Amino acid sequence: MAKGSFLSRLSNSNGSEVGSEPISAITKGDSKQRLELFDSFENLNLGWFWATDARGRMTYLSNRAAQCIGKEEKEILGAALGSLFVPQDNDESDKAERPLPFLISARNAFTELAVRLEKDDEDAPDIWWAISGKPQYNSEKEFVGYRGTAKDITNRRQRDRDASRLARFDALTGLSNRHRMEKRLTAILTAYKAAKRSCALMMLDLDRFKQVNDTLGHPAGDELLKQVAQRLKTIVGETGEIGRLGGDEFLIILPDIDDRGRLGDLGQRLIQMISQPYSIDGSRAIIGTSVGIAIAPYDGVESDELVSSADLALYSAKGGGRGQYRFYSSDLKEGARKRKEIEEDLRDALQQNQIELHYQPLVQAGTNKVAAFEALMRWNHPERGWISPGQFIPIAEETSIIADLGEFALYQACRDTIQWPGDLRVSVNVSAVQFNNEDFPNVVQRALTATGLHPDRLELEITESIFMGDPYATARTFKALKSIGVRLALDDFGTGYSSLGYLRDAPFDKIKIDQSFVRGSTESDNNNAAIITAIVSMAQALKMDTVAEGVEAQDELELVTQRGATLIQGFIFSRAMPQKDVLERLENGNLEFTPSGPAKHRADRRTVYRRIGVIHEDHRYEAVLRNISKTGAMIEGMLDVPVGTELVLDLGQGQLAVGCVRRSKGATQGLEFESSLVSDGADGLCTRHRVNPYSLAAAGMPLAALPQGNYPLMPQLNDGPTSRPQFMQIDMSNKFD
């Protein structure tokens, strides 16, 4: 590029003027001083100068600017100004600015316009300039080109982009932050509402994350969150967008997914993967997670409604014992209210003698002779009747109530066991809260001393969640308990947080195979039988007993016996019984339990009792659902229904299950479903898909029965089908009196 002062070179480029002042009018003194100022400006790298002719071709560019571009003089002079820069994308600027070619063609002035330089090497870093320019005219008012300045703003732009990213992304994990997720969800649901598309939302909350912060420190907690984010990205992939709401809460947006079978599988994978151990600065940390799932438009069509539904589902998952997923349902609001009432009543239950222990036998495989009983807590509420431990134990574990309940169970079990003949043992469940109390070994010793029970007859069943706490404190507690002489059993092995390290380091006498592995173990396409074999073989090598839990059918009993389980527990032998029934049986010398159950395992059939709709052709009937499983149901309420009739069960909330009548007697029909139901994450079942509420509205469903939100105007044909019924309707209203 030609050398010389800026002003002289610029004057020679088109020979007339700079700005509006003729060169001839500049005095020699002024000219020299101005030239020195221009040269100093360029040499200090504060900015550069450029000029074009009337056709927009470059006639001048500062030396340092040319060096920044990395091109030869001949490549720059004569080239169009716009060719030096990459056309601007919509996302490259936060400002709504006209592009450079438009401004030049319109001969508009511009100031501090951000442009990105063209580059030959795609791997080279981007370079950004801010350019300003003003159109120039001669004395005849003819356009002669542009004069302007430029400066490198690459660092400033990077800082601005970093600041913008911080406003939209979580600095710790790199995931979208709460603000961005809220905007994304709102935008997606707004667009999907018009297109009548679905969108699932998963809300996650880490379990026992606070313990990591407390035991390993907050830097370890930060590192754990980073690793959790990476696992989430690995599992979700391109399927959805992940965000961190703050603390240990995460949100996943999954567009165009409403298959609850698929979502349940994804939720279970998330729980399993996040529950695997983490290595943090040489320390080992284990956490868990709970997942709440809501789906638009079924569970809400606005973002705040959907978030509220997912949050309520998450609350239900945590209340169910953590490490679980839940789908939202309209029943959860009522369930949350009942849960609060149970928590309040539970505080008085012990003092009012409402809590009692029942005992379920653990039977020796092959001989059917009882070897021990497991103490199971039962609550006989004066108004609600018997309340399931699955309801009140998780509530107790979230409060201080579990410590009182645990100590009561320990003392009562020891008092009851001392009345049993021989050397029968009792197993007592111990919560992680109890176990992690440093005074727990003393509590056990006091219970044994007070009742006179030999330590070898007491077995403490401990879940893997105890390993989430301080490993050194856990080891001390194990050592103290073994010095007392009690036996230790690892409960629910194979679920949640399983690790062979537990068996290597902890002095367990027995492993309990979780009933989820017994379920389905006799099915040909199920791997549970192989898992049972592996657990039994490992326990035998470690000289530990094994208990197969939840055995209910004869084929399950045969399988676990053949696979080598030491003890068997389940309804096939007996349900849990009160102490008086245990004593009566033992006093009669009846130590054997005869197996009694169905020949083969079949899909779990849950007893229910609620109203549903039954649709046949174009008529709707009212019926009562008596029981339901994944593959079928029993209903009551219609007469003269032939075997082979196809019916559609309206289970509510858009759940329509197509089934065929396989058995029909009087007003009762047994149906086989066309498509199997899926787990709702709790102890219930749901249809894999639901009918879109837009379709329900179009078909005449009352708006009050639909999820809240704004729906397109649709005819409300609430009178329903009017054709003559084919089957006689039985009045079932008295069933609910």
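I started at a residue pair: Gln 136 stands opposite Gly 145 in strand 8. My ground rules: this is a predicted model, where local features need pLDDT of at least 70, side-chain atom pairs count only at pLDDT 80 or more, and totals for chains, interfaces and linings use all residues. Residues are numbered from 1 along each chain as its sequence is written, and side-chain values use heavy atoms, with hydrogens and water left out.

Terms before I go on: helices (H or I, at least four residues) and strands (E, at least two) are DSSP runs, numbered from the N terminus. Two strands pair if DSSP finds at least two bridges between them. I then looked up how strand 7 (128-137) meets strand 8 (residues 143-152): they run antiparallel, joined by nine bridges. The two form a hairpin with five residues between them. In that turn I noted Lys 141, which has a positive phi of about 60 degrees.

On its other pairing, strand 7 meets strand 6 (residues 110-117) in the antiparallel sense over five bridges. There I find Phe 110 opposite Gly 133 in strand 7.

Is strand 7 mostly covered or mostly open? It is mostly covered, with eight of its 10 residues buried. Buried here is under 20% relative accessible area, exposed is over 50%, and partly exposed is in between (1.4 Å probe, protein chains only).

Zooming out, I get an open sheet of six strands in the order 4-3-8-7-6-5, with antiparallel pairing. Which strands sit at the edges? They are strand 4 (58-61) and strand 5 (85-86), each pairing on one side only. A reminder to myself: strands of a sheet pair through backbone hydrogen bonds, either parallel or antiparallel.

At the strand 4 end, I checked the partner: strand 3 (residues 48-52) pairs with strand 4 in the antiparallel sense over three bridges. Trp 50 stands opposite Leu 61 in strand 4.

A cavity is a set of points on a 1 Å grid over the protein atoms alone where a 1.4 Å probe fits but cannot get out, and its lining residues have an atom within 4 Å of a point. Grid points are joined across faces, edges and corners, and the volume is the space filled by probe spheres set on the points.

The whole structure gives two cavities of 30 Å³ or more. Which residues line it? I get Trp 50, Met 58, Leu 61, Leu 81, Leu 84, Phe 85, Trp 129 and Ile 131. Strand 4 and strand 7 each supply at least two residues of that lining. By class, the lining divides into eight nonpolar, no polar and no charged residues. For the record, Ala, Val, Leu, Ile, Met, Phe, Trp, Tyr, Cys and Pro count as nonpolar, Asp, Glu, Lys and Arg as charged, and the others, Gly among them, as polar.

**Entry: rings**

Trp 50 turns up again: ring pairs link Trp 50, Phe 110, Tyr 137, Phe 143 and Tyr 146 into a cluster. Rings of Phe, Tyr and Trp (its six-membered ring) pair if their centres lie within 6.5 Å; planes under 30 degrees apart count as stacked, over 60 as edge-to-face and the rest as tilted.

I count 14 aromatic pairs in the whole structure. One of them is Phe 143 with Tyr 146, edge-to-face at 5.9 Å centre to centre and 75 degrees between the planes. Both Phe 143 and Tyr 146 are buried. Why is the pair of Phe 435 and Phe 440 tilted? Its ring centres are 6.3 Å apart and its planes lie at 45 degrees, so the pair is tilted. Phe 435 is buried at a relative accessible area of 1%, and Phe 440 also counts as buried, at 3%.

**Entry: away from the sheet**

I also checked some parallel pairing. Strand 22 (residues 510-513) runs parallel to strand 23 (residues 545-548), joined by four bridges, with Lys 512 opposite Val 547. Strand 23 also pairs with strand 24 (residues 567-568) in the parallel sense, over two bridges, and there Val 547 stands opposite Leu 567.

Then Ile 188, in helix 7 (residues 178-195): it is buried, with a relative accessible area of 9%. Its C-alpha atom is 7.9 Å from that of Pro 255, 67 residues apart along the chain.

Last stop, cysteines: I find zero disulfides, taking a disulfide as a pair of cysteine sulfur atoms within 2.5 Å. Cys 199 counts as buried at 1% relative accessibility, and Cys 414 does at 0%.

Terms used: On a 1 Å grid over the protein atoms alone, a cavity is a set of points where a 1.4 Å probe fits but cannot get out, and a pocket is an open set with protein on both sides within 12 Å along at least five of seven lines; lining residues have an atom within 4 Å of a point.
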